[in-house]
Structure formats: C-alpha cells, structure tokens
Amino acid sequence: MTAAGEPSAGSVTRRILRRQRARIGVSVVFLCSHQAAEALVPVMIGVVIDRAVATSDTRALLISLAGLALLFTVLTFSYFFGARLGYAAVENESHHTRVEIAGRALDPRGLRSGLRDGELLSITASDAELSSLVIRAAGIAAAATTALVVSAIALLVVDVPLGLGVLIGVPVVVFALQRLAPLLTRRSEAQQEALATTTALAVDLVSGLRVLRGIGAQDHAARRYAAASAHALGVTLRAANSKGLHLGLTTAVNGLFLATVAGFAGWLALRGRLSVGELVAVVGLAQFIAEPVGTLGWCVQLFATAKASAGRVARVLEAEPLVTPGSAGAGKATDTRLALDEVRYGNLDGVSLRVGAGEIVGLVAYDPRDADALVTLLSGRVPRDDYHGTVRVDGVAAETLTLDAGRGTVLVEQHDVALFEGTLRSNLGASHSDDALLTALRSAGAEDVLDAHPDGLERELVERGANLSGGQRQRIGLARALAAAPPILVLHDPTTSVDAVTEGLVADGITAARGAAPHGTLVITSSPALLRAAHRVTVLDGGRVVAEGTHDALAAADARYREAVLR
Amino acid sequence: MSTNPHLLPTAGARQTWSELLAEFRRLPGLSAAAVALLVAASASGLVAPFVLGRLVDDVVAGAGTDRIVRWACVIGAAAVVAGVLTAAGAAVSARLGETVLARLRERVLDRALHLPSATLERAGTGDLVARAGDDVAVVTTAITGIGPLMLGAVLTIVLTAAGLFTLDWRLGLAGLIAAPAYVLALRWYLPQSTPYYAQERITTGERSQAMAGALHGAATVRAYGTEDVHVARIADRSAAARDLSLTVFGIFTRFGLRINRSEFIGLGSVLVAGFLLVRADAVTVGAATAAALYFHRLFNPIGLILMEFDAVMQAGASLARLVGVASLPAAAVPTNDLEVQDHEAALSVTVRRHHYEDGPTVLEDVTLTLAAGERVALVGASGAGKSTLAAIAAGIIAASDGEARLRGVPLNDLGEVRVRKEIALVSQEVHVFAGPLADDLRLARPDADDTEIEKALDRVGATGWLRALPDGLATHVGEGGHRLTAAQAQQLALARLILADPAVAVLDEATAEAGSAGARDLDRAAAAATEGRTTLIVAHRLIQAADADRILVLDHGRVVEQGTHAELLAAGGRYGHLWQSWNGGASS
C-alpha cells in the first residue's frame, strides 16, 4: 500500500469499530472477565493446597472447591457470551463490507480502481473478512491486558519484589523471543507461497489434462510438478527448522525463567515470607502470564493484517466512478438514431458512422482492435476526456445523458456472452412476457435450448451458463438482446459459434425483429449471412472507415472485402 | 462432460494406514529418530512440575537453602535439555512428515496425469482436480500446520498422565475421571458440527460464485441495468453464509462450555484426591501440588486436540482419497518392440458400430483411411458423430465395435504412451497453462529453446501479439496472469502441436469459438501447424473443409458424401447446400 492509502485504511477501520461499537463493548467486558478468571485458576489451586490440602480441613476444602466452581462458572460463561458477541460483530461487519464492495464493484458508472477482476474478487472474499478482524484483535488485546493486570495485582499482593521480578521478566523474555519472529514470518510466508504455487500448478495441470494428453505431454507435466513439489519441500523444511528452533528456544527460556522464579519463591517460602499456597500460586502465575503477553504480541500482527486489508477495501470503496453521467433526458427518436463524428479512441482514428431508424448496419473490422474500441466506447465505459469527437444518440451528446437515459437507449451485447446463475427466464429478462421471450428465442435461432429441456423457460442455468454449449450461450445472449428491444442495439460477432444453417435463420430473425423503424441496429461481424441481411455495410481498417456500401456491391467490387468475409 | 465422483477409487482406513506406514518404513532412520526425540522432549518437559512438588515438600519440611537451589538448577537443566530436544524433534518430525507428504502428492499427480483415457472420459476432470488441489491442500495444512501441534499435544497428554500415575496411582485415577466428560463433549459436538461444516463450505462457495459471476459479467450487468438484482443476490448469499457461520460458532461455544466443565471435574477430583491422600498420609503435600499442576498443564493440549478434531477427520478423509489415486497402477512403459513400418495408410479407422455406455448408436459402418500427408475434413451437423470419430481416430476412445490402426498396427497394441507420441489431438477444450508463456509451450517439448518457441509462435501467426506482451515469452499467462483471447489460446494450442511434432494431427473444432476476424487467422495457423502431417480435421467452419484434400460428410453417424470440395459442390448434394447457405447465398 502506498502512503496515500493509509488514511483510508484508518477510516475504514474506524468505521468498522464505530458500526459495531455496542457489540464490541459488551464483548470486551466479557472477554476481560474470562481472562481474569483464567489468571485466577493457578491462584485458586494455591488456595486449595494452602487452606485445605496442607491443613486437612474438610470445611475449607468444600469452601475452596465451591470457590473454584464459581471461578469456572464465571470463566466459562464469560467466554461463551464474549466470544459469541465478538464473533457476531466480525461476521456482521464482514457481511456489510462485502455487500458494500459488491455495490461499488457493480456501480453503474464503473469504477476507477485500477483493480483486475481477480483482485476485486479476492478483496470481497478475504479482505472484507480480514479487515473486520480488527474487532477480534481489539477484544483479545483488551482481554490479555486484563489478564496481565489481574496477574500483576495477585503477584504484588503475594510479594512485591517477586511480583516486580515476574512482571518485568516475563515481558522481557516474551519480547526477546518475538525478535526472532520476523525470520520465522518470512520463512513461513515463503513456505505458504511455495505450497500455494504447487497446489495451483496441480489444479492447472489437471484442469488442462485433456490438452496435455492431446499432445502426449503428461510426462513433462508430471516432471514439472515434481520439481515444484521438491522446491516446496525444501522451503517447508527450512521453515520447519526455524520453527523448531523458535519452539526449542521458547521451551528452554520459559523453563529457565520458571527455575529462577521457583528458586527465589522457594527461598522466600523457606524464610517464611510465603505460604506454600502462595508459592504454588506464584509459580502458576509465572507460567500463565506468558500467555497474555504472547497474545498481545500476536494482536500486533492481527492489527497489521486487518489494517492492510482495510487499505485494500478502501481502494474499492473510495475509488472514483469511471464515468460521470450528465443530466439530459433521452432525446425524441429521430431519423438518425446513432451518430459518431470524427471519433478518435484507442485504435479508432477519426470514425464517423450513422445508424438510422429502421436500419440494420453491418460493420466489418479488418483489425479486431477497431471493433473492440468501438464496442467499449458504445458501452459507455469511456470517460469523456479519454476520447475525441462526438457520439450522439437521437441528436443528444451521449455523455450528457443521465445514466438511465443512456442505458435505456443504447444496448451493447458483447461477443463474450456473459450468462448468470438462475433460470433461462431470469437470464432473458424476467419482466418480459412469455410471448416476447419465445419470439426473441425464435429470432435468435435458440429454440433448441428451450425444447431440449423439460423445464422450458424455468430451466436452471449454473454460473456463467456453463451447462450450455458455447453456441447455445451465444444465441441466448442474442435472444436476451432482442427481447430487451432497445431503441439502438449493438451486436458484436453474435454468430461465431453458430453453424451455417442456423446462422441463416439468425440473419432472418434479426431482420424480422430489428428491421423496422424506430429501431436502429449495428452488427459488428464478418458473417456473410448477417452482412447480406444488413441494409448497408461499413468497413473499418486501421481505425478508419475505408469502404461503405451493400454487402453484394462490396463483395463484387472489393477484393480485400471478399477475402475477409467470403470464406 | 459430467463428473461422477465414484469412478475414482478411495482407499479404506486399513489401506490408508498401511500405505502411510509403508512410506514411513522407507525412511527407517528418520522415523526412529523422530519418535525418540519427541518422546524424550515431552518427558523432559515433565521434570519441572515433578521437581516443583519436591520443592514444596522441602519447604514444608523446612529443608536448607541448598536443596532449593538444587531443585532450581534441576528445573533449569531440564529446560535446556527439553529445548534442545524440542528443536531437534520438531525439525526431524517435519522432515519425516513433509517428505512423505511430498512423495504422496507427486505420486497422486503422476497417476492423475496418466489416468487411462477411458477412465478419464468416464470420470471427468472435476473430481481429479479436487483431489490434486483441495485434498492435497487439506492434508498439507494438517501435516504442516496442525500436525506438529497435535503430535506435541498427544505426547504431553500421554506423558503427563503417566506422570500423574507415577506420583500416585490414585491421583492418576482421579485425573482420569475427567476423561468420560471430555469424550461426551466430543461425542456431543461432532455429530452437531460435521453437517454444518459441509454446509458452510457450500454456502461460502455459493457466495463467491455469485460475486465471481457478477464481476465476470459486469459489462452485461451494467448494459442491462441489473446491478440491483446481482447485489441483492450477493447480499442474500453473504447473509446466508454469515448466519450459518454464526450457528456453527454457536455450537462451538457450547462445546467450549462442555470442555471447561470437564476441566473443572478433572481438576476438582485431583484436588479432592490429593486432599484425601494427604489426610491419610499416603502422599505429601508436594505430590498433591504436583498433581494439580500436572492437570492444569493438560488444559491447553486437550483443548487443542478436541477443537482440531474435525480438521483431523477431514484430513483423514482427504488422505484416503489421495491414497486411492496414488494406488492406481503406474503408467505402462511404452512397448517399443512393435515395429511400425511404412504403410500405405498412415491412419485407418474402421467402425462397425459405436455407442457410449448404453446409449444409442452414434457411429455405424464408417471406414476412414488417411494416406501419409493427406488432409481429410469431417463435415456434418452437431450430433452427426464428427467428434466421436475424431476421438476414435486419435485413440482417445475405443470403438465399441471397430478399431483404429496407425500404419497398419492397431492402436490398442501400441499402448497409450506410444500412440500419444505419434498422434496429437487438438480438441475443443482450450487451456492456457498458468505461468510464463514459454513454460506453457515447453510442456510440448521441454528442451525447446527460445528461438524454437518463437519460431513455432511465428508459424501460427502469433508474433504480433507476442511482441505486444509486456515481458515477451516470460509474460505470465493463464489463471491470474495476462488474459489471452480465445483466438490467442487456440494459436498457443497449435504452436504446442508444432513443438510436439507428431506424424498425425487430429483437429477438432479448433477454431469454433474465435471471433470473426480471429477465425481467419486461425485457419491459416491451423494450416501452418499441420503442414506435412497426416491431418484429420473436424470442420466447424466450411472453409476448413474447402482446403482439405478430401471431405467426409457425416449424418446421423454414417458417411453420406465423400470427395473433394469441387466434386461435392458439383454434385450439388448436402455439402453443396451447406456451402451455399453458409456463404450467404453468394457463389465462390
């Protein structure tokens, strides 16, 4: 994260804490009470030894056992309520953040975040949750502090010099051990990365297994995986060595510290300054106190993780919209529905283009980048400052239209058709009548998708329509666009996965659905069947219009055109 | 391409254990050292509470300062020894566990990649991907992450219990009173939580799916103005996942209550037993103290084991699935003793009849012979049997009744490895392998240098976009990297074909999904990649057929027309009609 990102991380974190303050407050109180009770368990063991076991006093035993039972009751229910509330705060906040991110990621005006889809996805999937962990970190930190305070008081009550020694000694030991942590973190990060790479490689190779088999490359693939696996093993072992070293050092240092405390406390007990119970309590506390101190160290890491995630969340939530819609309503339908004048954008180098009412215009782009630039521009995904020339819809400059007016007038159906989880009907547009949908499906040559399945329009589609073939998806996308019946429709290569016979049907269908005023239609394609159905054809090359005319005229006169479309 | 999870084997508990033990036995020195070090480390950890008990006794008895100093020194020395043993034990056991794991995952992938075609076609890749990915990850996390902790916890518990019994058998029994309480807690928890955990994974998956789907189709969502619908669906899914998480955590906290109760029962009974034994003069106050401290020390390891119990069970289930795949027979060694000599027919296929499983007949009485260097195209409507015939010719599937021969030798006799070296299939399935572009292509020929790779890419017309890539051949492509278009991915597939350099190439609808402009480039690329090879091509676009030496028109599993492009056009049959309608009525 850049330095500029940090204040945003802070504001996201503050907002998380503010929104959940009630839950957090109560949860912290309970968690503190839980940790205090945990700290008192060794003290209570000392009390039972001192008052009951050493004296053989039955009444004292019953009383001190009742005390232990009470302590456990407090301990257990404090955790029960504190942990539940804290967890609820984290979960609710992650949910909140996730929905907010989804809303921003799908902002109708687009998002100027510079993030790729994969990054956005990982931000909703993991960062939304991790940024909320600040709640857990806050709760745990408060509870650990309480445990420390309670232990400190108990120790100081027993013996001041001994208490001070423990209270200074434990944090020194714990923090000294944590100085080794960066080495450990670095190695375990390297390890996680190597393992993740290995897993990803396995998934990738097996997903492409048919491709590998097609060229007999399974052996090479297996050897590549074995090499990655061996590398991961090496990294893992190095990490395991330093983890082992850290563990051993922790064990030794804690033990040496315990030996010192036990020796000193034993000496004090011999001199009568401590009872046996107090000796037990001091030793127990000296062991226990390392836990909250270690927890505090861990909280620092947790805070750092949460903050880094909050920064990434902020990148989405605080990103500017890509385009700024205007305030003009849609113009009255005119004879020229769509007009581009001297448009320069991306590959486009001064393109002028008209689509009239009742007209189907074919567009052939020799260079696919010309078509892509045109589609991006007409989709309303280009800020006004990024292109030159004018795009007018019914005489109104496109950038001055409101969001609804713009989207309500021009519809672009992409070449790479995106379908969604749901039913066939929900993908085609749930608000249309059955008749309208059936007509659209027929025009798109997609009736087979309907007929092939007993559920008809209610047929379930999985995410991305993966249970349809590529050709079926393409035709459903076309049917969806035709059913929407927008004033101006832009289709990009709508029949590339469609067989020759069906392509002819689709050409007729598009003519029937779009061939009359007031509709205006632009079809970017090199399919002769579709181009023949168009009223006229515009040819783009090198970002410029190089030819115009009917398909037959162009095919007869222009050799380049013939080569491009008459396959 | 359906996936049936039952087609790949899963090992039983006994087989899983015996495979694991066999692996450990292959590393006898390391295994023995790991066990010895771990036991010794845990044992030396027990010295401190025991010595503390003696120290209490000496305090009660009013012994001299030197005794106290001596005990302190013993605790210190034990700590140093425990530290050294712990460090060594952790390192050695990791070496053992991780080596066994690495061997297992390598074997799983090797078997997965060499799955016989017939099995793969029936089982699909879904389950295989899950095993090579998820299951390996689950087992890895278990062994690398919680494995050492669990091992340490188990040893601490066993040795602490032994320590309790050494102090006094009655103190040991008192501690054991807690065991049924712990067991009951676990037996209450597991049946409650297990179904929820499975459900939680599903809802979390559905949540990411909704998000991924909406983001993937963001342009369409915006074009149709359906943002609200999608955000609402994501919110619903997210809320469902949250509610389920809260339910699961609720169960977990109630499990926590039961664990605390068990701790109290154990600690209380040890203290009561200590009280009674001290009063009866059977043990010292120090021994009673040591017993209580011992038991207090057990809280964390027992809690750890119980709370990680379902992770361990999951790892066990994943392990069984891995062992199942790992136990498949290794790929057969290529049989090189079969002489494949020059033969008039480079490839010949005779299918008397073919059907899938119990399905209808998809091919009937089809004979196809390709002379060396000949280029034959298959044309027909979808469902005519083109792809099936191509797959039989490539040796991917065996005909129910019929056979394919390479230069006169039946493919069955050659064996899969040999067949794959001679006949390559570029199928409809396109996959760009994640990583540097050069690595993707080197899968086809590992020893290819950059010049050869560039040459192959140039032949398929990819030089233009290769130059535009940020890091050239080193550019990361595929999942998580630079996204290639469908046409570019197809060009890669063809470049791989050039590098693999087989005598026979089978192309199945390789250009179907490309955009209009890209398709023309791909036709040229396909022609370049198959130059000089005997080629069978499934023609989705008729231009591919027009360029072929010979065309076979299939209909409902039978050959209905056969000849050159010109002959078939002149005959004015089915092919002629297809060509007319496809060309928008214009003559060529």
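Tutor: We start with charge, where Lys and Arg count as positive and Asp and Glu as negative, while His and the chain ends are left out. Keep in mind that this is a predicted model.

Student: How far apart are the mean positions of the positive and negative charges of chain A?

Tutor: For chain A, the mean positions of 52 positive and 55 negative charges lie 7 Å apart.

Student: What should I know about the confidence?

Tutor: pLDDT gives the predictor's confidence in each residue, from 0 to 100. The average for chain A is 88, and 98% of the residues reach at least 70. Residues 1-7 of chain A, however, have a pLDDT below 50, and that stretch makes four contacts in the model beyond near neighbours in sequence.

Student: How many helices and strands does chain A have?

Tutor: Chain A has 20 helices and 12 strands. Its radius of gyration is 35 Å, well over the 24 Å that the globule rule gives for 567 residues, so chain A is more spread out than a compact globule. Along the principal axes, the C-alpha atoms fill a box of roughly 115 × 60 × 50 Å.

Student: And what about burial?

Tutor: A residue is called buried when its relative accessible area is under 20%. In chain A, 54% of the 567 residues count as buried.

Student: Which residues of helix α11 in chain A are buried?

Tutor: In α11, residues 368-378, they are A:Asp370, A:Ala371, A:Ala373, A:Leu374, A:Val375, A:Leu377 and A:Leu378. After α11(A) comes A:Gly380, with a positive phi near 75°.

Terms used
Residues are numbered from 1 along each chain as its sequence is written. Chains are lettered from A and ligands numbered from 1 in the order in which they are written. This is a predicted model: local features need pLDDT of at least 70, side-chain atom pairs count only at pLDDT 80 or more; totals for chains, interfaces and linings use all residues. Side-chain values use heavy atoms; hydrogens and water are left out. Helices (H or I, at least four residues) and strands (E, at least two) are DSSP runs, numbered from the N terminus. The radius of gyration is taken over C-alpha atoms; the globule rule is 2.2 Å times the number of residues to the power 0.38. Buried means under 20% relative accessible area, exposed over 50%, partly exposed in between (1.4 Å probe, protein chains only). The place of a charge is taken as NZ of Lys, CZ of Arg, CG of Asp or CD of Glu. Contact means heavy atoms within 4.5 Å.
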